[in-house]
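Dear colleague,

Please find below the structure that I am handing over to you. My notes on its charged contacts and its surface follow.

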Amino acid sequence: MGGCVGRTFYITTPIYYVNDLPHIGHMYTTVVADVLARFKRMRGFEVFFLTGTDEHGQKIERAAREQGIPPQALADQVVGRYHELWRELAITHDDFIRTTQERHKAGVRELIRRMSEAGDIYKASYEGWYCAGCESFYPETQLKDGRCPDFGHPVERLAEESYFFRLSAYQEKLLAFYRENPDFVRPASRFNEVVRFVEGGLKDLSISRASLRWGIPWPGDDRHVVYVWVDALTNYISALGFGSENQDRFQRFWPADLHLVGKDILRFHCVYWPAFLMSAGVPLPKQVFGHGWWLKDEKKMSKSLGNVVRPDYLIRQFGADPLRYFFLREMTFGQDASFSDEGFLSRYNADLANGLGNTFARVMAMVRRYFDGKTPPEACGESTLRAKAEEAVARYLESMEGYEFHRALEAVWELLSAVDGYVTEKAPWGIFKAEGASGRLSRIMYNCLESLRLVAVMISPVMPGTADKVFAALPTDDAGKKQLAWGMLPVSAALGPDQGPLFPKVDDKAFFAEVKVSEQVSEQGSTQQSELVSIEEFARIKLVVGKVVTAERVPKSKKLVRLEVDLGEGQLRQIVAGIGGSYQPEELLGKLIVVVANLKPATLMGVESRGMLLAATLPDGSPVLLTPEKDVPPGAGVK
Ligand code: MSP
């Protein structure tokens, strides 16, 4: 049993399917896991944080076939995007498991070997309603209007020979386990659903597929592959070395402290997974948390509605921290929440630019001025602000431990407004005028600065980049960057250089116009990566040459330019283009450009745009217009 000195914390995310590119729902689980991992590290735990990808099964096989590439190639492509995204979002996972890795397959084989040895696996014919979308068989009673109960996908009647797991033998054992571990599933309401499901009776589970090729071959019978959920769930132990020679990590970190999952996959984690582990004689995880669903403008995100949020534009414009903050502040952990650009921006401006950014800038400016670029020379024993800070820290810790992130952040923001109120009440500028850099002024400003240090420590798991900026200005040692006891800020120590505003305020209107432009761009980018189009599909896009007749800036926008373009139609076409960062309107006059002429009209900052011009994109994102190599008449087709 490796030298178990410190406390350990093993946290996992679900492993993500690679049939599609990630969206905010996927990002959310990983961001929450990262916040907890960072928080636990800060509290002195030895953390192991695992994420990864689920690469086998029908979903992936089908998506790859649609794109005309092998499933492994599709997986490799999408995994690349996950790695990139986790880097952009400052995710600090300790390992990334892919179910196509050999170490994982070894873990799956070992689990099946043990379940067989326990006498829990037998072969029989299986017939049922199969939903390819969910990769699940459903009993007749669960179908809704003849379709799968969760998503309304079509189901088909399938019969095949299959290996079965004796799940029915675990009903009583699971119920006993739930009774003995009342915190096993959270939130409590979800636990009740799980218990009711198990009380309703468990049927044996088909855990191999003869109809599928893309999976892990069944040990000793490669006409079958392992059912994708047996395959996927095993990642939590295969990543620790279960089934390999080296058991150190497994010994040290298993059982997991927390499996973080979306509510849709709770049953797999709270019923099937514990039953598999019981059968294999492996200890059960300590807790599963089922979080709620991100909606877009109150609606379920779906490809067919075209409302899937891939907030690459937010990360590009704001960096990781504001999005991480929004995720944690906006969703009551466990319930559903709705994403909207408006909601995001109003939190950004109100909580970050104003609340945090302004308070920090205001206090720092005073301290720099009154104490000559140093922290004040005298610390403070007792004060109303210290009492408030200590109260905020206590609430923050309690809420973080209880996974109530929005409450933890509320406590931090209450402290920020207490700092603001304290400054207004004490009016340090008046004291400075009357007394100069007196002991009283020193104590007041110390209280403010020390409160801001505590704020930075508390936000560091959520907004690590911002906390680093604060610490670049405040002279603290490593302990002062992690610890939440009052009074760790040194006196008379030189402040670091001014960092500029932590969060520059963003103008709503300009932001939304540019969001629309970049959403168009990133949607094109993502289809290019994930799907091939047929020549017929391409032919639906009408590309023509146009001549720019007028060009002027759209008021209040940095990037948008309004153009009137001659497309040889007899009348001019109005197009709004996001090229004003790289081109002056005057230099566009008379230019020949390529225009998508049959694009649906869109309104950008109140101006209607009926088409889009084509431009190449430089690595820094700036556009370069495409123009024909010889003179051609306006309206000439492009293909
Ligand atoms: N591969 C399985 C998980 C296997 S874990 C052993 C899977 N993958 S998934 O890519 O479809 O989903 C991964 C996670 O993303 C799930 O926890 C799911 O709940 C979450 N989300 C997907 N869409 C979501 C939202 N719109 N909102 C919040 N989370 C959602 O399931």
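Aspartate 95 is buried at a relative accessible area of 12%, where buried stands for under 20%, exposed for over 50% and partly exposed for the range in between (1.4 Å probe, protein chains only). Aspartate 95 forms a salt bridge with arginine 249, with 3.0 Å between the closest N and O atoms; a salt bridge here is a side-chain nitrogen of Lys or Arg within 4 Å of a carboxyl oxygen of Asp or Glu. This pair links distant parts of the chain, 154 residues apart, with aspartate 95 in strand 3 and arginine 249 in helix 9 (residues 248-253). Helices (H or I, at least four residues) and strands (E, at least two) are DSSP runs numbered from the N terminus. Arginine 249 is partly exposed, at 33% relative accessibility.

Please note that this is a predicted model, in which local features need pLDDT of at least 70 and side-chain atom pairs count only at pLDDT 80 or more, while totals for chains, interfaces and linings use all residues. Residues are numbered from 1 along each chain as its sequence is written, and side-chain values use heavy atoms, with hydrogens and water left out.

By the salt-bridge rule, the count comes to 36. One of them joins aspartate 94 to arginine 41, with the closest N and O atoms 3.6 Å apart. Aspartate 94 lies in the loop between helix 3 (71-88) and strand 3 (95-98), and arginine 41 in helix 1 (residues 24-42), so this contact ties together parts that are 53 residues apart in sequence. Aspartate 94 is partly exposed at 35% relative accessible area, and arginine 41 is partly exposed at 28%.

A further salt bridge brings together the side chains of aspartate 420 and arginine 362, at 2.8 Å from N to O. Because aspartate 420 belongs to helix 15 (residues 405-426) and arginine 362 to helix 13 (residues 341-370), the pair ties together parts that are 58 residues apart in sequence. Both count as partly exposed, aspartate 420 at 26% and arginine 362 at 31% relative accessibility.

Isoleucine 535 lies in helix 20 (residues 535-539) and is exposed, with a relative accessible area of 65%.

With kind regards
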